[in-house]
Amino acid sequence: MKLTTAGESHGKALLGIMEGLPSNLEININQIDEFLSLRQGGYGRGGRQKIENDKVEILSGVRNKKTLGSPLAFSIKNADYDNWQNYMAPEGCDVNKRQLTAVRPGHADLTGLKKYSQTDARNILERASARSTAVNVVAGTIARQYLKTLGVEVSGYVKSICGIKDENRYSFEQLEEAKKNKLFMLDVTAESKAVEIIDELKTVGDSAGGVIEIRVKGLKSGFGSCMQADEKLDSLLCSAVMGVQAIKGVEIGSGFCAADLRGSQVHDQIFYNGKFYRTTNNAGGIEGGMSNGEEIVLRAAMKPIPTLMKGLKTVDFVTKQPTVAASERSDVCAICAAEIVLESITAFTVAQAVSKRLGGDCMEQVIKRYGELND
Ligand code: EPS
């Protein structure tokens, strides 16, 4: 299973092509649009989301709501293109207006300009923008629908924002509640503090990041591999998660905490009562690069958005004079968007691992093969 994406943030549309989906998977377009809408929400989002109303249009690979086994192509329109076509149109446009040369620290601007031999960072930021993550949400929601037929589910919540932490542990079922809250947090006291911080950051033109926890429930053991580093499920998940804009760290299970503990405190002891089981899950559901049948637990750190309304010190790329980094509008905090994106990327990566192991031309085969696995 493979996803190819295209699209600029203020271009005509975002595009995706998903290959390797079996036939006869029922596609729920409403659910895709619901996740697209969740990605646009959350407290602390900026002006752009008032313009966009993301909806998927499936262009190929699906007939009468079922996959055909052919490449599934889709698009999401950029409503803001109406305001940008004079500066973005591939057919010809004014490239002198809307130039960006006051390169933003933390964004792709400076290195991108040098690498691609450009003088206007618009030619870099349009593709580097996190707008492209809407495509991952479409592919990830289709992956969820594939996994759901096998009884595998993905969920998550926001664990911390700008240092305000939720230290509680939650069952997979409890995570469902998070999406009803403003910042996808489950601890309401922490969430109201985080709302206050976001309000304060907005007044001073600053931004915030946080930590997201993603969980996968119901995946049988043996997905991924212990044979090659790039086939390990943890390696695949961490790589996919690190590929999302603004993600700066990932851990699986007890992650960095395990480094401070003794082996006897970390490794999940094994018991048997007709079935192997554990009473702890510090491994986060992955041992030796393979799912071990427990819940997969992954946490990711998102840095604060690099476009700051107050502007950071920088140097103009063309004049080489000191200046203030560019900003017109910005999210203060996009952690809810990132949470939905990480759930989607996780679902897609797990679906890839399932598809790699089980193959299958049609969903009937996939379901049968999954059912036959010893867990
Ligand atoms: C982004 C900058 C902002 C965000 C954008 C990501 O866009 P604009 O420059 O149009 O204000 O809103 O995110 C989205 C458009 C989105 O849909 O998530 C950036 O620089 O990465």
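Which strands does helix H9 lie across? Helix H9, residues 233–242, lies across E11 and E16, and it runs at about 160 degrees to E11. Before going on, please keep in mind that this is a predicted model.

Let me take the sheet that E11 and E16 belong to. Five strands form an open sheet, in the order E9-E8-E10-E16-E11, and the pairing is antiparallel. At the edges stand E9 and E11, the latter being residues 247–252; each has a single partner strand, so one side of each is left without a neighbour in the sheet.

E8 and E9, where E9 is residues 164–165, pair over two bridges in the antiparallel sense. Ser-160 has Lys-165 in E9 as its bridge partner. E8 and E9 make a hairpin with two residues between the strands, and in that hairpin Cys-162 takes a positive phi near 50 degrees.

On to E10, residues 210–217. E8 pairs with E10 over eight bridges, again antiparallel. Here Val-154 has Val-216 of E10 as its bridge partner. E10 in turn pairs with E16, residues 296–302, over seven bridges in the antiparallel sense. In that pairing, Gly-210 stands opposite Met-302 of E16.

Is strand E8 largely enclosed or largely open? Strand E8 covers residues 153–161, and eight of those nine residues are buried, so the strand is largely enclosed by the rest of the structure.

Next, a helix. Which residues of H3 are buried? In H3, residues 81–88, they are Tyr-81, Trp-84, Tyr-87 and Met-88. Looking down the axis of H3, these buried residues fall within an arc of 110 degrees, so they line one face of the helix. The face turned away from that buried side carries Asp-82 and Asn-86, which are exposed. Helix H5, residues 122–128, is included in what covers the buried residues of H3.

Two loop residues deserve a word on backbone angles. Arg-98 sits in the loop between H3 and helix H4, which is residues 109–115. Arg-98 is not a glycine, yet its phi is positive, near 60 degrees. Its relative accessibility is 28%, so Arg-98 counts as partly exposed. Phe-184 is found in the loop between helix H7, residues 172–175, and helix H8, residues 188–204. Phi of Phe-184 is also positive, near 55 degrees, and this residue is not a glycine either. Phe-184 has a relative accessible area of 4%; the cut-off for buried is under 20%, so Phe-184 is buried.

Last, the ligand. Which residues surround it? Among them are His-10, Arg-39, Arg-45, Arg-48, Gln-49, His-107 and Ala-130, as well as Arg-329 and Asp-331. A polar side-chain atom of Arg-45 is 3.3 Å from an oxygen atom of the ligand. For Gln-49, an N or O atom of the side chain lies 3.0 Å from a ligand oxygen atom. With Ala-130 the backbone takes part: one of its N or O atoms is 2.9 Å from an oxygen atom of the ligand.

That is the tour.

Terms used:
Residues numbered from 1 in each chain as written. Predicted model: local features only at pLDDT ≥ 70, side-chain atom pairs only at ≥ 80, totals over all residues. Heavy atoms only, no water. Buried < 20%, exposed > 50% of the residue type's maximum accessible area, 1.4 Å probe, protein only. Helix = DSSP H or I, 4+ residues; strand = E, 2+ residues; numbered from the N terminus. Pairing = 2+ DSSP bridges. Arc of directions from axis to C-beta. Contact = heavy atoms within 4.5 Å. Axes fitted to C-alpha atoms, helices over the stretch in contact; angles between N-to-C directions. Near = heavy atom within 4 Å. Polar contact = N/O pair within 3.5 Å; in protein donor to acceptor, adjacent residues only side chain to side chain.
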